[in-house]
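Here are some notes for a colleague who is meeting this structure for the first time. Please read them with the sequence and the model side by side.

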Amino acid sequence: MIPGPDTRVIELRVHGILGTTPEQLVDAVAAVDVAGDGAGRIVRPADRLRRPAPGPVLKADGRPHPRTLEGYVWGGLTSGGWAKAIWALLFPFSLANVSSWMLPPVPEGNRVASVLGASCRGLLRLAAALLTVLLVAQLAAVSLDLFATQCLAPGSGCLGVIPQWLRGTAAVRPVFGVVPMLLVVFVLRKLSTVNWSVDVDVPTPVSTGPARLLAKMPGANKIADPDAPALRTLHLTAALATVTLIALGGPAGPGRGGLPTASWLVAVVLLVGSLLLALVFGDPTGARPGRAGRWLLAAMSPVPRRVLLGLAALTVASVPAVQPHLGATLPGTDPTLTVVTIALGGACGVLGLLLVPAALLARPAWSAQPVELRPWAGGWLAAPFMTLAALLGGGFGAGVAITVRQTLGGALLSLPHGYAFVTLVWGVAGTLAVVVLLVVLAVMGVRRLGSGERVPEEVALLHSDRPTDTKQAADAWRTANWERGHAHHVLLTLTGVLAAGAIVSSVPWREGFLPPAWAQPLSGLGLAALALLAAWLLREVYSAARQPDSARRLGGLSDLACFWPRESHPVVPPCYALKVVPEVAARAAHYLADPNTRVVLAGTSQGSAITVAAAARLLDGLSPAEAQRLGVVVASSPLQWAYARMFPAVISHAGLSELFGDLGGRWRTLARGTDPAGGGTSTWRRQVFDGRLIGVGYREDGTTGALPPAVAGPTGALVLGGDHWLPDPQCGPFAGRRWAPGVQRQQDYYSDPEWDRAIACAAGLESPTEVRDEQHGVFRLPGRDAATG
């Protein structure tokens, strides 16, 4: 494609996690909206009169090209306001939902693998439903047991402002216990029914190109979960039935006939039936119309869903009528929590066992890949994530109960028997975590002493003749390499520590004994940890609601978790990618309709996954001439080192390789070895040989193999395949460029002079292996000797 005199470039940026301001995204002192619906905003730089201004001129091929700079701001979809802040309390639910996207791929034509895949998916949905039941049951223990039964008991000194005559009035205490639980379930339903609407009319791709291999990426195809309303009804029905069980005696029943027994039987049928129905749901993406459970999805139309949920709510609302008087204790609390906890632990255990053969059957899909590209934990990562969600959910519920108990009366109120073991779990886990941390620090110290001050070869190549920059870069490079290489080990260790604590503390619990005396210090440690966990999370929610810009930690968690559609757990925030990706693709398609326009989708961090999904979606609907004017630039991208290894059935190397080939080399990646959050996306097995950086990666024809040695560009970057490895600290300063001193790590890729060069390469205006000189014309860079340009 030879650029003509009217050629212009549209650079459409998408930011990553932790949000950003419009001004930061377009790298301007002012920005204004030019499109969008307020939730998803398309912005441009603005002049002093707040009018959209043209972007900076893009210099390429020896002459300037007009550039329009736009940015898509989606941070408002995951943070800001009380509703989005409360979503942070559902983080264990989000973990359970994300774990369902981590399942290993199912080989085509393998019936055993298909059965195992369906079984694992069903167990994930069952465990997710039990997690909802556990959290609601723990809140019911607070509302019905601690507050209504114990604190409001006649003669109790708790909350003395409530008169004694009111405490003894029939049905008053059950109402105080039931109404908050109905409000909790109502809030969960309202939060889980929120969905983002797409602001443009974008047809669903036919998935004949790269999107066929990346079809499960959120937004690459329209895959909003059709099962979510039905599954949400089952979750909330089971939760309401559990509240009724706790109020009417737990699994053993009320112990007498009449209305209490009838209401208890209805609750048991609703609970068991909802859990069994959640188990038989099949593939939720709609990829296989003949999946198991399709009859259930057809039967769960809006009217049956309303009837089922209304019946469950009615059983809870009838509790004050069938149980007007509460005793001094609520006998159903402890056995209900015990049964739910055992069922949830059993579901996680069986899931872990079934995932072993499922991962082994999927192994041929990645066995030929290098070790650094294979899935984490051999494709078994869904089980630890689901277990972590269960442990965190149980711990948070217990922490809330402990905090409320201390607030209301401390020793005057008693917690369920099982909570003594929950505190022991976290105490043992905390102790093990300290031991593991000390061992890890010792190992790291020994390795650091063994390596001395060895400078990575890539650093020496990027920072030759700059000793100060070399030392700074070497330290940051080693740290970032460790973080990228061991991030999954940290997650697995955390899960293992919590699981070990649960196993150790469950021994006396199964025997019906209280924790032994020697375990009291551990229980005290766990008690403090749970109270701090609950208090910290509630404080963060309050801060995030009142001051969204000052509490971005919760926003970062939401940004990562809410990228994935509702699958195994429906009571989670909506997937923003199902809105952002089609709107970014539609904006790009609008500009590509002009034959003189070239569009570059540029994403940083989490935005790189959005841009890749948008590019895959676009290539399915563009003509060959339009596709040649589309390019992609990503920076600080976790696609290769994290996403392709965490979600092997969703983001495949085959799909990424085909997408790279269809873009014909117009997919460029800016990478820093000092960046712990990102790295190269198209190369691996990188090493320095004979003074040159070599490696293996994607080729422009869509294949993979050995690449020519990296060449050094005029900004000091080493270009290997599609990856531009940046010196950090930057070379320069450069005339006419904003300067960012020091080691940047994952910050401010826009300030690097290689950014504009990557945009020009992605737009097809410049070759990454050629540089134009005003006197000698175009010449090909031979390698590191051309580092000065």
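This is a predicted model: local features need pLDDT of at least 70, side-chain atom pairs count only at pLDDT 80 or more; totals for chains, interfaces and linings use all residues.

1. A search of the whole structure finds one disulfide, and the pair that forms it is Cys151 and Cys158, whose sulfur atoms lie 1.9 Å apart. The torsion about their S-S bond is about -75°, so this disulfide is left-handed. Cys151 is buried, at 0% relative accessibility, and Cys158 is buried as well, with a relative accessible area of 2%.

2. Cys575, by contrast, takes part in no disulfide, and the nearest cysteine sulfur, which belongs to Cys562, is 8.2 Å away; a disulfide would need the two sulfur atoms within 2.5 Å.

3. Helix 25 covers residues 754-762, and because nine of its nine residues are buried, the helix is largely enclosed by the rest of the structure. Among these buried residues are Glu754, Asp756 and Arg757, as well as Trp755 and Cys761. The helix is followed by Gly764, whose phi is positive, near 75°.

4. On the surface, Val272, Leu276, Leu279 and Val280 form a nonpolar patch, with about 300 Å² of accessible area together. Val272 belongs to helix 9, which spans residues 259-279, and is partly exposed, with a relative accessible area of 43%.

Key:
Residues are numbered from 1 along each chain as its sequence is written. Side-chain values use heavy atoms; hydrogens and water are left out. Buried means under 20% relative accessible area, exposed over 50%, partly exposed in between (1.4 Å probe, protein chains only). Helices (H or I, at least four residues) and strands (E, at least two) are DSSP runs, numbered from the N terminus. Patches are made of residues with over 30% relative accessible area and no salt bridge: like charges are joined within 9 Å, nonpolar side chains (Val, Leu, Ile, Met, Phe, Trp, Tyr) within 5 Å. Accessible areas come from the Shrake-Rupley method with a 1.4 Å probe; for residues, only the protein chains shown count as cover. A salt bridge is a side-chain nitrogen of Lys or Arg within 4 Å of a carboxyl oxygen of Asp or Glu.
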